[in-house]
Amino acid sequence: MGQNEDLEEKKLLGSGGYVLAKLTEQEELRASLGVPQIFLANIDRLSEDRFTRYFCKKCSREYNGCPNIAYENPNEEIGNGIILIEKGEYQCKICNNIIAIYRKFNR
Ligand SMILES: [Zn+2]
C-alpha cells in the first residue's frame, strides 16, 4: 500500500474558516493532537492539489479549490536552538480574510 492510497478528505479548522483537504493518516494524527477536531495551524504547508474546498467566515460561503497560501522563510532563531523555518497564512482568494496561520520549526 502506497501512502497516496491512504489519503482521506478531512475538515481542517482555522480561525477564519475551514478547509477540506486530503491528508495522510500520519498528517491527520499530527494535526489532531488527540482531539476530534483537526486544526490547519498544526500542519505544515500542504500542496495546493490537496485542497478541494474552503469556507471563508467573512464571505460566509464556500469556494472550490485552494485558498491563497502566502509564506516566508525567516530562518530565525527564537531561543534554545529553536529556529522558525517557515511562517505562512492561508487567505481567502476573494476577500483576503485569513483562514488560518501556521508556523514550522526545526523540530
Ligand atoms: Zn472571503
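Here, "buried" means under 20% relative accessible area, "exposed" means over 50%, and "partly exposed" is in between, using a 1.4 Å probe and protein chains only. This is a predicted model, where local features need pLDDT of at least 70, side-chain atom pairs count only at pLDDT 80 or more, and totals for chains, interfaces and linings use all residues. Residues are numbered from 1 along each chain as its sequence is written, and side-chain values use heavy atoms, leaving out hydrogens and water.

**View 1. Asn 97 sits in the loop between β7 (83-91) and β8 (98-105).** Strands are DSSP runs (E, at least two residues), as are helices (H or I, at least four), numbered from the N terminus. Asn 97 is buried, with a relative accessible area of 17%.

**View 2. Four cysteines hold the zinc ion.** The SG atoms of Cys 56, Cys 59, Cys 92 and Cys 95 coordinate the zinc ion at 2.2 to 2.4 Å; donors are N, O and S atoms within 2.8 Å of the metal (3.2 Å for Na, K and Ca). The site is tetrahedral, with angles of 104 to 116 degrees (for four donors, all angles must lie between 85 and 135 degrees). Cys 56 in strand β3 (51-56) and Cys 92 in the β7-β8 loop are 36 residues apart, so to speak linking distant parts of the chain. Both are buried.

**View 3. Helix α1 (25-32) has a buried side and an exposed one.** Glu 27, Ala 31 and Ser 32 are buried.

Notes
Four donors count as tetrahedral if all angles lie between 85 and 135 degrees; four count as square planar and six as octahedral if opposite donors are over 155 degrees apart and all others between 65 and 115; anything else is irregular.
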